[in-house]
Amino acid sequence: MNRKSTVILILSIFLAIIITGAGFALLGRTFISLRVPALTALAISMAITGLSWNFYKGSLSRYLVCGVIFMLTASVSFTSFLALNYCFRREQTDHKVEVTVTKKFSREKTRYRRLARGRMVADGTYHTYHIVAETPDGNSKEVTLSIEKYNRMKRGMHADISIAEGLFGYPVITDFGNIR
């Protein structure tokens, strides 16, 4: 394996990670289960990887190249599904919905600091604050808040958010209103 091929493979893996991160950011603004875009991405990437398996005749390992192709196509199709649903939402279906705070909770996470080259050690803990907002039709969404907003929220409290129907029919949050 030559140096150019190695660099291209490593860059494509990093690109797949970045694209998937963008997809999860869009997933936070959509009332959709994770399995719907994930299964769609899986089906598309399996089809494309199957086609590339038959046509690849390069010097690198077929398993390595097809694995990277699978990762890239899965991340691109996952993010594309959510981005198309969000960006091409139907503006005429945009409406305010009153959500109810059904749950408040905080998560304790470990903070790490760099001790030496490549070595990280635990350095205390910190908290992230979350609520679960439920719409009248039964959809619920976990929302991360700052400590100030978290302290103002009470269970059973109502808040307004704007929701529109996405391109594929899944509800999209266009404005969090007074929650964030």
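Reply: What follows goes from the helices to the loop, and then to the cores and the strands. A caution comes before the details: this is a predicted model.

Start with the helix pair α1 and α3. Helix α1 covers residues 3-27, and helix α3 covers residues 62-87. The crossing of α1 past α3 is left-handed.

Now the residues at this contact. On the α1 side they include Leu-9, Ile-13, Ala-16, Ile-19, Phe-24 and Leu-27. On the α3 side they include Leu-64, Val-68, Met-71, Leu-72, Phe-78 and Tyr-86. Ser-12, Thr-20 and Gly-23 of α1 also take part, as do Ser-75 and Thr-79 of α3. By class, the contact of α1 with α3 holds 18 nonpolar and five polar residues, with no charged ones.

Helix α3 also packs with helix α2, which runs through residues 35-55. Here the axes come within 8 Å and cross at roughly 145°. The crossing of α2 past α3 is right-handed. The contact of α2 with α3 has 17 nonpolar residues, six polar and one charged.

Look at one residue of α2. Ile-44 sits in this helix. Its relative accessible area is 38%, so Ile-44 is partly exposed. The C-alpha atoms of Ile-44 and Phe-70 are separated by 9.2 Å, although the two residues are 26 apart along the chain.

Next, the loop. Thr-30 lies between α1 and α2. Thr-30 has a relative accessible area of 0%, so it is buried. Beyond its neighbours within four places in sequence, Thr-30 contacts Asn-85, Lys-141, Tyr-170, Pro-171 and Val-172.

Then the cores. The largest nonpolar core has 17 residues. Val-99, Ile-131, Val-143, Leu-145, Met-153, Ile-161 and Ile-179 touch the most other members. Four strands each supply at least two residues of this core: β1 (90-116), β2 (119-134), β3 (140-145) and β4 (158-165). Another core, of nine residues, lies apart from it; Leu-27, Ile-32, Tyr-86 and Val-172 are among its members. Leu-27 and Tyr-86 also belong to the contact of α1 with α3.

Ile-131 is in strand β2. Its relative accessible area is 0%, so Ile-131 is buried. Leaving aside sequence neighbours within four places, the contacts of Ile-131 include Val-101, Val-143, Leu-145, Tyr-150, Met-153 and Ile-179. Lys-103, Lys-104, Lys-141 and Glu-142 are also in contact with Ile-131.

Not counting residues up to four places away, Ala-133 touches Val-99, Thr-100, Asn-139, Ser-140, Lys-141 and Ile-179. Thr-73 is 60 residues from Ala-133 along the chain, and their C-alpha atoms are separated by 33 Å.

Methods:
Residues numbered from 1 in each chain as written. Predicted model: local features only at pLDDT ≥ 70, side-chain atom pairs only at ≥ 80, totals over all residues. Heavy atoms only, no water. Axes fitted to C-alpha atoms, helices over the stretch in contact; angles between N-to-C directions. Left-handed = near helix turned anticlockwise from the far one by under 90°. Contact = heavy atoms within 4.5 Å. Nonpolar A, V, L, I, M, F, W, Y, C, P; charged D, E, K, R; others polar. Core = buried A, V, L, I, M, F, W, Y, C linked by side-chain atoms within 4.5 Å. Buried < 20%, exposed > 50% of the residue type's maximum accessible area, 1.4 Å probe, protein only.
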